[in-house]
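The following note gathers comments on one helix, the nonpolar cores and the aromatic pairs. Please read it beside the sequence and the model.

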Amino acid sequence: GLALALGGVGMTLEDMATLYAMLGGDGLARPLNYEAGPAPFVAPRRFVRAETARRVIEILASSPTLDGHAPAALTQGAPRVAFKTGTSYGFRDAWAFGVGGGYAIGVWVGRPDGAPRPGVTGRAAALPILFEAFDRLGLPPET
């Protein structure tokens, strides 16, 4: 429904990261892996068609890049990251989610007590952390 599309449904950071990982996995949903190395095998479940997931990733990958970062297509050795940011009503939550190189990363910036942080947005507060996390992974460039 409309509330879901506009971000009005409460979801956890883990729920959102699982959805972004599903998009990066051609529409197949699996549990998140929190440890280095291969995850235990769990049969994936089809959430959306592969073509749908790839199209959403293409759209997210075409988002305007963070100031100071060149688009991956123009940067030799940079992995391609598809990402989305958001800011909750009243500036209580700023978040960014991204998929690239087989990884899904979610970043939340806010106060544990839920107090607002006026003017703090996902793009300004969470997106730089997301890009830093992807930079630290040392992913190979997209071919």
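1. Helix α2 is followed by D26, a residue with a positive phi, near 55 degrees. Helices (H or I, at least four residues) and strands (E, at least two) are DSSP runs, numbered from the N terminus. The model is predicted: local features need pLDDT of at least 70 and side-chain atom pairs count only at pLDDT 80 or more, whereas totals for chains, interfaces and linings use all residues. Residues are numbered from 1 along each chain as its sequence is written, and side-chain values use heavy atoms, with hydrogens and water left out.

2. Helix α2 covers residues 13–24, twelve residues in total. From its first C-alpha to its last it reaches 16 Å, close to the 16 Å expected at 1.5 Å a residue; the expected span is 1.5 Å times one less than the number of residues.

3. M16, A17, Y20, M22 and L23 are the buried residues of α2. Buried means under 20% relative accessible area, exposed over 50%, and partly exposed in between (1.4 Å probe, protein chains only). The cover over these residues includes helix α3 (50–61) and the strands β1 (28–29), β3 (82–87), β4 (93–100) and β5 (103–110).

4. The largest nonpolar core has 16 residues, of which F83, V107, V109, L127, L130 and F134 touch the most other members. Such a core is a set of buried Ala, Val, Leu, Ile, Met, Phe, Trp, Tyr and Cys residues joined through side-chain atoms within 4.5 Å. Two or more residues come from each of β4, β5 and α4 (122–137), and α4 gives the largest share, six residues.

5. L127 touches L66, F83, T85, A96 and G122, leaving aside residues up to four places away in sequence; contact means heavy atoms within 4.5 Å. A second, separate core has eleven residues, among them A17, A53, I57 and V99.

6. The structure holds three aromatic pairs. Rings of Phe, Tyr and Trp (its six-membered ring) pair if their centres lie within 6.5 Å; planes under 30 degrees apart count as stacked, over 60 as edge-to-face and the rest as tilted. Y20 and F97 form a stacked pair, 5.2 Å centre to centre with 15 degrees between the planes. This pair links distant parts of the chain, Y20 in helix α2 and F97 in strand β4, 77 residues apart.

7. Y20 counts as buried because its relative accessibility is 9%, and F97 likewise at 2%. W95 and F97 form a tilted pair, 5.2 Å centre to centre with 55 degrees between the planes. W95 is partly exposed, at 22% relative accessible area.
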